[in-house]
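Please consult it alongside the sequence and the coordinates shown here.

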Amino acid sequence: MILDQIAWSDCIVFLLCLVPQLPLRVGLFKTINCGLTALPFLLLRLPYQLVRERYFTRHDQKSPFVREATLFQDLVIRCVRYAFARIPASIGKVFFSKPVALPFFYFRLLRNGDLRCPTHWREIHREGFTGIYMIHDETARPDIVVYYCHGGGFSMGSAYFYMEFCMAWLDLLKAAGYENPALFALEYTLVPEATYPTQVQEALAGYKWLLTLAPSPERIVLAGDSAGATLILSLLLCLSNYTSLRNKMPGLAMPISPWTAIISSKNRNTPSDYLDADSLRLYGQQYIGTNASADDAMVSPGKCQDLSWWRRASPTQGWYFIYGAEEVFAPEARDLVALLNKSGGKVESYEEKGAEWKE
């Protein structure tokens with residue numbers, strides 16, 4: 001199920017899904033105050049910066065992202081960049097929540113001519129974790145399972161917001177020759193409702209459940225973007241510490257734009273990435289909480305310099321990293337790739353040159 005690109009009509013419907021939820025979830029006063037605060041940006045700064053940088057700046061002086069992006073993409077990323085830096089996470093998480101994301105997903109299906117979802121999916125509620133399970137044929141056992149953890153700085157995001165992305169992934173796996181691919185998207189607890197180690201514990205519980213579904217551990221692929229990539233890296237380090245699980249490591253790990261070091265001086269703003277380093281530091285501190293340290297390898301996997309630990313934690317078929325050269329996380333991602341290469345593991349990476357990579 002691969003739908004067409006996001007259009008202006010999708011944006012309008014998304015806003016229609018979002019607007020009623022904001023006063024319900026965060027309160028009318030906070031919603032109005034947030035909207036009024038954003039007006040100078042929307043009415044003045046946004047159009048001025050957009051026009052100046054796209055049409056009155058020399059090509060070689062434009063940021064790599066602006067040089068490659070369409071007008072629509074440029075506009076959206078500028079708005080997202082503002083939101084990430086200026087809008088409180090308590091409001092931002094509503095944008096990606098189930099009551100907004102799920103009806104929007106079904107509108108996208110309808111606009112593409114699908115009256116019902118062509119991929120079977122169901123919510124999973126088990127002791128210790130929840131999420132969404134998707135599979136091509138629900139009556140048969142999967143021959144490969146992707147375990148996916150979404151991004152959002154541990155402060156926002158939901159598995160429901162990534163449903164279209166995950167189902168497109170299943171279609172690509174089917175086209176690649178797998179008979180019955182499946183994907184489980186973990187719906188981990190966000191901060192400040194819970195801090196580390198809650199999210200890692202939930203990821204571990206979800207992995208143990210997947211071991212009962214997959215034909216073998218080697219048929220499980222761990223994948224995650226941004227904070228979700230942090231979770232799968234922490235999960236692998238965690239698995240390697242359990243004697244009962246060391247022989248049940250997954251086949252492959254795919255960190256996408258990984259947030260490898262939660263607090264790092266190398267996490268700096270770039271002209272192409274919408275992430276904001278100051279906001280990341282705030283979200284990171286919330287995730288760490290009061291009972292952990294930013295230097296703890298389980299909290300911040302990029303801080304782990306123990307090559308033997310990484311050897312034990314490596315998936316049986318290795319690693320595949322994906323990130324953009326212009327991303328805030330790129331320097332730390334490169335460092336971890338280099339470290340894993342030193343450990344002797346099978347490591348491949350794809351660095352998108354001159355632009356940020358986001359799914």
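1. Helices (H or I, at least four residues) and strands (E, at least two) are DSSP runs, numbered from the N terminus. Residues are numbered from 1 along each chain as its sequence is written, and side-chain values use heavy atoms, with hydrogens and water left out. This is a predicted model, in which local features need pLDDT of at least 70 and side-chain atom pairs count only at pLDDT 80 or more, while totals for chains, interfaces and linings use all residues.

2. On confidence: pLDDT is the predictor's confidence in each residue, from 0 to 100. The chain has a mean pLDDT of 93, and 98% of its residues reach 70 or more. Over residues 355-359, however, pLDDT stays under 50, and for this stretch the model has 27 contacts (heavy atoms within 4.5 Å) beyond four places in sequence.

3. Strand E3 (144-149) deserves attention. Six of the six residues of E3 are buried (under 20% relative accessible area; exposed is over 50% and partly exposed in between, with a 1.4 Å probe and protein chains only), so the strand is largely enclosed by the rest of the structure. Ile 144, Val 146 and Tyr 148 point one way from E3, whereas Val 145, Tyr 147 and Cys 149 point the other way, and all are buried.

4. Which strands pair with E3? Two strands are taken to pair if DSSP finds at least two bridges between them. E3 and E4 pair in the parallel sense over six bridges, and Tyr 148 stands opposite Ala 185 in E4. Val 146 of E3 stands opposite Val 221 in E5.

5. The loop between E3 and H8 contains Phe 154. Phi of Phe 154 is near 65°, a positive value in a residue other than glycine. Phe 154 counts as buried because its relative accessibility is 0%. Ser 158 is found in the loop between E3 and helix H8 (163-175) and counts as buried at 3% relative accessibility. Leaving aside neighbours within four places in sequence, Ser 158 is in contact with Phe 96, Ser 97, Lys 98, His 150 and Glu 187.

6. A cis peptide bond joins Val 191 and Pro 192, with omega about 5°; Pro 192 lies in the loop between strand E4 (181-186) and helix H9 (198-211). The peptide bond from Tyr 196 to Pro 197 is cis as well, with omega near 15°, and Pro 197 is found in the loop between E4 and H9. Ser 257, in the loop between strand E6 (252-256) and helix H11 (277-288), has a phi near 45°, a positive value in a residue other than glycine. Ser 257 counts as buried at 1% relative accessibility.

7. How many salt bridges does the model contain? With a salt bridge defined as a side-chain nitrogen of Lys or Arg within 4 Å of a carboxyl oxygen of Asp or Glu, the count comes to 15. The side chains of Arg 108 and Asp 4 meet in one of them (3.3 Å, N to O). Arg 108 lies in helix H7 (residues 98-111) and Asp 4 in the segment before helix H1 (8-18), so the pair ties together parts that are 104 residues apart in sequence. Arg 108 is buried at 1% relative accessibility, whereas Asp 4 is partly exposed at 36%.

8. Glu 164 also forms a salt bridge with Arg 108, the closest N and O atoms being 2.7 Å apart. Because Glu 164 lies in helix H8 and Arg 108 in helix H7, this pair ties together parts that are 56 residues apart in sequence. Salt bridges that share partners join Asp 4, Asp 10, Arg 108, Arg 111 and Glu 164 into one network.

9. A salt bridge also joins the side chains of Glu 123 and Lys 98 (2.5 Å, N to O). This pair links distant parts of the chain, with Glu 123 in strand E1 (residues 120-126) and Lys 98 in helix H7, 25 residues apart. Glu 123 is partly exposed at 30% relative accessible area, and Lys 98 is partly exposed at 33% relative accessibility.
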